[in-house]
Amino acid sequence: MKISVCGKGGSGKSTVVALLANEARLRGYRVLVVDADESNSGLFRMLGFDYPPVPLMELVGGKNSLKQKMGQPSVLAENRIVLEDLPPQYLVQKDGLMLVSIGKILQSLEGCACPMGVLSREFLKKLALAEDDLAIVDMEAGVEHFGRGVETSIDSVLIVVEPPLESVNVGQKIHDLASGIGIRNVWAVLNKVPSGDIATRLKTELQERQIEVVGCIYFDADIFSSSIDGRMPVKGVAVQEIKEVLNRILAKAGLPAPK
Ligand SMILES: Nc1ncnc2c1ncn2[C@@H]1O[C@H](COP(=O)(O)OP(=O)(O)OP(=O)(O)O)[C@@H](O)[C@H]1O
Ligand SMILES: [Mg+2]
């Protein structure tokens with residue numbers, strides 16, 4: 001199963017990715033996190049790794065080389081990517097959790113992020129997973145990745161929605177774009193919710209827009225404090241709440257129990 005975690009900037013995409021990935025790993029799933037956010041670089045720490053993987057961008061010769069290949073039918077040599085075949089520097093792994101990174105914008109004036117979009121799209125398309133493997137993509141903020149077709153081979157989209165209405169509006173846009181390209185499973189998860197009353201109001205708002213809500217994560221001081229240290233949130237209510245979110249996702253997507 002390939003699931004893309006999307007939403008407005010700062011809504012909690014990376015946090016939800018880290019929480020989901022850790023919970024799925026604890027249940028025995030083999031979990032691959034794909035860091036497809038070209039701006040932020042701290043996901044490896046949130047996932048408990050000491051260093052990041054070398055970006056896949058380097059595997060194809062760097063950004064300039066990729067730019068030249070962008071008109072070609074494919075930029076990756078393989079037709080099918082099996083995780084075991086990736087050279088180890090591109091895939092960090094620990095305790096059932098794996099991480100790959102597409103690439104980061106490192107310098108000013110280095111040009112747009114389109115090559116990252118091309119590489120993300122092709123990597124996700126060619127990525128061959130076992131039936132009970134879970135790939136969770138930490139997407140860049142907003143909706144531009146849909147314009148680049150990154151989601152074409154994704155089976156599920158999880159939209160992270162926090163209380164401001166603008167986050168709901170971006171969520172709606174993502175929902176419509178994802179449904180429009182035929183993605184079967186498009187859900188929202190509420191995040192940073194301050195009260196039960198706000199949770200109800202947000203759920204109603206989303207349901208009126210035909211967006212299915214698979215869970216609610218309240219504002220959690222433990223999450224906030226672990227983010228200051230840049231580490232994985234391992235305690236607090238959100239760690240409990242994500243269990244229910246994962247239960248619903250697994251049931252709705254029909255992912256089999258890990259072998
Ligand atoms: N449920 C929560 N309770 C408290 N703080 C939270 C919660 N979820 C996320 N945060 C905090 O909100 C901030 C933004 O979260 P995060 O980095 O996960 O968002 P993002 O959507 O990935 O951001 P970006 O768009 O920059 O990639 C972080 O400081 C994080 O700790
Ligand atoms: Mg992020």
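The reply below starts at the ligand site and then turns to the elements and charged pairs elsewhere in the chain.

Modeller: The model is predicted, so local features need pLDDT of at least 70 and side-chain atom pairs count only at pLDDT 80 or more, while totals for chains, interfaces and linings use all residues. Residues are numbered from 1 along each chain as its sequence is written, chains are lettered from A and ligands numbered from 1 in the order in which they are written, and side-chain values use heavy atoms, with hydrogens and water left out.

Ligand 1 is surrounded by 20 residues, a residue being counted when one of its heavy atoms lies within 4 Å of the ligand. Lys 13, Thr 15, Asn 40, Asn 191 and Asp 220 are the closest. Several polar contacts can be listed (pairs of N or O atoms within 3.5 Å; within protein, one must be able to donate a hydrogen and the other to accept it, and residues adjacent in sequence count only if both atoms are side-chain atoms). Asn 40 places a polar side-chain atom 2.8 Å from an oxygen atom of ligand 1.

Helices (H or I, at least four residues) and strands (E, at least two) are DSSP runs, numbered from the N terminus. After helix 9 comes Gly 230, with a positive phi near 70°. Phe 219 sits in the loop between strand 10 (212-218) and helix 9 (221-229). With a relative accessible area of 47%, Phe 219 is partly exposed; buried means under 20%, exposed over 50%, and partly exposed in between (1.4 Å probe, protein chains only). Together with Phe 224 and Ile 228, Phe 219 forms a nonpolar surface patch of about 360 Å² accessible area. Such patches are made of residues with over 30% relative accessible area and no salt bridge, with like charges joined within 9 Å and nonpolar side chains (Val, Leu, Ile, Met, Phe, Trp, Tyr) within 5 Å.

Now the charged pairs. The whole structure holds eleven salt bridges, each a side-chain nitrogen of Lys or Arg within 4 Å of a carboxyl oxygen of Asp or Glu. Glu 23 pairs with Arg 27 at 2.9 Å, N to O. Glu 23 is buried at 7% relative accessible area, whereas Arg 27 is partly exposed at 28%. Glu 23 also bridges to Lys 243, with closest N and O atoms 3.4 Å apart. That pair ties together distant parts of the chain, since Lys 243 belongs to helix 10 (residues 237-253) and Glu 23 to helix 1 (residues 13-26), 220 residues apart. Lys 243 is partly exposed, at 30% relative accessibility.

Another bridge joins Glu 84 and Arg 30, whose closest N and O atoms are 2.9 Å apart. Here too distant parts are linked: Glu 84 is in the loop between strand 3 (81-82) and strand 4 (92-94), Arg 30 is in the loop between helix 1 and strand 2 (31-36), and the two are 54 residues apart. Glu 84 is exposed at 54%, and Arg 30 is partly exposed at 29%. Through shared partners, salt bridges put Glu 23, Arg 27 and Lys 243 into one network.

Last, helix 5. Its 13 residues (114-126) should span 18 Å at 1.5 Å a residue, and the end C-alpha atoms are 18 Å apart, so the two values agree; the expected span is 1.5 Å times one less than the number of residues. Ten of the 13 residues in helix 5 are buried, among them Met 116, Leu 119, Glu 122 and Phe 123. Pro 73, in the loop between helix 4 and strand 3, lies 10.0 Å from Glu 122, C-alpha to C-alpha, at a sequence separation of 49 residues. Pro 73 is exposed, at 85% relative accessibility.

Note on methods. Areas by Shrake-Rupley, 256 points an atom, 1.4 Å probe, with all protein chains shown as cover.
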